[in-house]
Amino acid sequence: MNETDERTAETGRGEAVAKVIRLPFADAAPEVSDTPAPEAPAPAPAARVDMTKPEQPVSPAPAPVEGTVFTAREWELAEDPEGDAPWISPALRTPEGRTARRVYVQRQARRRIRRWAARQRTPRGIVPTTIRGGVRIHRWVRGVEGQNADAAKRRAEMLALEAERAARRAQFALLKKDAKRKAADVAQQESSMALAQATAAAATARNKFLQRAAAAYLPMAGIDAAGFVFMDGLIGLGAGVLVNLAVLARVGRRPDMSPEELEELERAEAGLPDRFEMGMTPRAFEAMLHEALVQEVKVAVHSMRVLPRQWGFEVELVLKNQTPEKLSENLGLLEACLPGVRTNSALLQQSKQARNECVLRIPGDDPWKAVPELPYRAPKSLSTHDLHKAQVGADMSGRVLALPGKRTSVSIIGKPRSGKSTVLRAYLDALTATRDRIIVGIDLGSYGAGFGPYAKCMAAVARTPSEARTVLEWALTIGMNRPKLFQRAGMTGGNWEASPEYPGITVVIDEFPALVTAAKAETFPKGEEGEEKPMKLDELVRQIHLTSAKSDDVLVIASHSVTKEKIGENTWLAEVPVQVMGACDRDDIVQIVGKGAMAEGWRADRLLPAMGDAVNDASVVYPLAGAAYCEPIPYRACITSDEEADRRAEERVAAGLCELDAGTRAFVSDFVLPNPGGGDPWDDGEAEEEPLPVLLRTIRTIYRDLGDPSGLTEDELFDQLHGFDPTSWDLDRFVPEGGEPMTKGAVLALVLDKVLAPRGQKWAKETFRPKGSKPTKGYRLRDLKALIGEGHEA
């Protein structure tokens, strides 16, 4: 205790002890004992205390301090996290921290064990590595000398066999015995030389082999022997074997793989990067997709089910209180969050079961492996009633795409290079294999090239506006007049039923915008009052669509778009019952399927047309055709080689094409279809846009009706023309003023000259021999064919 403290203490018997206060300036007094003292006499008087302060002696001034002055900032210690870190982590000073650390170490150990176990199934496993090391050591021991020795041995054996055969031939030879004996001697010498070379090579290889074997195998044997001797027998032998195996594994640690395969192996072992790959597990893909949907796309996912397919992954999504519209708009962002997914390849399909359910498809590098080659169809093997079963394409799972054709028109929409012609040719392959349809084509944009070899199977191919008008008027005439034949043909159902006797008609129009442009350029002479103005080309097409379906007179139209910008007022094209959408614009999708269709998965706008040699999504389409194709599922058209398509077309032409029934033929007897079988696209006559004069077409029809005679005299031809049009060919109309009437020959020559002179042509009378008659002069059929460009003689 301090001297100024106050304390109270008691003895063991409870008696009080003295209470003492000591002052620092008091005289020293004897210390008070802790033991009780006997009673003392009366106290003496208190001592006198001097309260004055003593005077302090004056000290001399301190000497000045010399040296370096350190400030507080300099001599204070700075922060040093590494140096001040404790030897033991604070997290390990508590039981909870030690438990967490132990769990972490155990988890990491389990991961290492799993990776090690998984690595055993790869080329880096212990067994493959050890075997590879042993093979490499043995290959080194054997060396190039061993390979040379084996090659020399095989050569010696071969030459020995040849020498034996040569000796046998010489022994039993009947002809050229000397030559064969010499050949046998030469073969024997070569065999002896080869044997000597093989023996020398084997001896050299044996010496090298023994030297390298001693250097490679003796240390291993020494390790095994030392272990057996110095480490208690079998235990030491086992340890030596393990050491040898470790050496072999060290030698064979590097796999015999290409750099690309080695890089892929290392990436798989490391588990990086997180990329979409066809070989990844559904659980890994589910985790990656769930993270992308929830964290990046911000879609509330209620549940999801991942189904691996051959082409990729199919995901059944159930969203929480929302439709797939947001996901449809952000498919590009979803692809960015899934590294390895091809651009514009993710597909969304609205489920028919519920509005918040959808199917998401993530295809791999080659999603169209299941699409087969265009099936072979024999000539006349299909009927119109079977067209909806004839495969023209398939989806990623191999499901068949087949388009109907019975009293049903088809519209194929797509940008340039979107594969419209590929889809059209696949459909034409089915149409031209029918036994009860007549196919005619119109192509004003690519001069018939869009039909390919199948143009040979068409009854007509129109490449110019005038030819297109002929074909369309022919088809419209049939479509409007066929209902007259329903009762006579026994078709009591009110529709034309196609059959080989009563075939249906399909008008195939490629490059429809070109036809619309040609229609805008059409002009017609002003007719008489009350005369009906002719319809333009696009109006004819529309009229066929509106009036001819009952007559099984239908259209197949390929167009770039259905908007007014491309096809003018012909937006009725979006109302065609069967729509096939390739790579097109959003406006086309809205026009065809309606608003909100893209949110349901109709995303033909995300398809990429072909670019250069890159096919991309060419010939990939979204079909919309009744209940069979009402979901947004993409299909790809089946294809075949040009040679095979040409072979099929030739085969079908050889089998014969369908012809009109007699009743229908009577309605269109005045029409002559252009370019049956496609004609020659490079014919000089067709290259001219000038239409063929009506007079020549009429004369050609007369010759055809008469059975194509070799020629007609001028009187016979005039009489036929007069019978065809009596008013125009009345001789009284050709009487000059104040002159005599002209003869039939003079009138015919005058009219022919007026018609052919502007064309730079002339049709003179030549000698011909009528069948069963003497030679006579007149107008030959061969000259007429040359004038109209048929290009072959009678």
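Me: In which loop does Asn-321 lie?

Reply: This is a predicted model, in which local features need pLDDT of at least 70 and side-chain atom pairs count only at pLDDT 80 or more, while totals for chains, interfaces and linings use all residues. Residues are numbered from 1 along each chain as its sequence is written, and side-chain values use heavy atoms, with hydrogens and water left out. Helices (H or I, at least four residues) and strands (E, at least two) are DSSP runs numbered from the N terminus, and on that basis Asn-321 lies in the loop between strand S2 (312-319) and helix H9 (325-329).

Me: Is Asn-321 buried or exposed?

Reply: Asn-321 has a positive phi of about 60° although it is not a glycine. Buried means under 20% relative accessible area, exposed over 50% and partly exposed in between, with a 1.4 Å probe and protein chains only. With a relative accessible area of 76%, Asn-321 is therefore exposed.

Me: What is the relative accessibility of Asn-675?

Reply: Asn-675 also has a positive phi, of about 50°, although it is not a glycine. Its place is the loop between helix H18 (662-667) and helix H19 (684-687). Asn-675 counts as buried because its relative accessibility is 11%.

Me: Why is the pair of Phe-486 and Trp-496 tilted, and what is the angle of their planes?

Reply: Rings of Phe, Tyr and Trp (its six-membered ring) pair if their centres lie within 6.5 Å, and planes under 30 degrees apart count as stacked, over 60 as edge-to-face and the rest as tilted. The structure holds 10 aromatic pairs. In the pair of Phe-486 and Trp-496, the centres are 6.4 Å apart, and the pair is tilted because the planes stand at 45°.

Me: How many residues apart in sequence are the parts that the pair of Phe-486 and Trp-496 ties together?

Reply: Phe-486 is buried, and so is Trp-496. Phe-486 and Trp-496 each lie in the loop between helix H12 (465-481) and strand S10 (504-510), so the parts that the pair ties together are apart in sequence by 10 residues.

Me: Which residue has its charged end over the ring of Trp-496?

Reply: A charge sits over a ring if NZ of Lys or CZ of Arg is within 6 Å of the ring centre and within 35 degrees of the ring normal. Arg-463 lies in this way over the face of Tyr-447, at 5.2 Å from the ring centre. Over the ring of Trp-496, 4.0 Å from its centre, sits the charged end of Arg-482.

Me: Which element gives the most to the lining of the second largest pocket?

Reply: On a 1 Å grid over the protein atoms alone, a cavity is a set of points where a 1.4 Å probe fits but cannot get out, and a pocket is an open set with protein on both sides within 12 Å along at least five of seven lines, lining residues being those with an atom within 4 Å of a point. The second largest pocket has a volume of about 770 Å³, a volume being the space filled by probe spheres set on grid points that are joined across faces, edges and corners. Of the 37 residues that line this pocket, the closest to its centre are Gly-419, Thr-422, Ala-618, Ser-619 and Ile-639. With five residues, the element that gives the most to the lining is H11.

Me: Which strand gives the most to the lining of the largest cavity?

Reply: The structure holds three cavities of 30 Å³ or more, and about 140 Å³ of space lies in the largest cavity. Of the 15 residues that line the largest cavity, the closest to its centre are Thr-432, Thr-434, Arg-437, Leu-657 and Cys-658. The strand that gives the most to this lining, with three residues, is S8 (residues 437-443).

Me: Which residue in S17 stands opposite Gly-711?

Reply: Two strands pair if DSSP finds at least two bridges between them. Three strands form an open sheet in the order S15-S17-S16, with antiparallel pairing, and two bridges join S15 to strand S17 (residues 776-780). In S17, the residue opposite Gly-711 is Arg-780.
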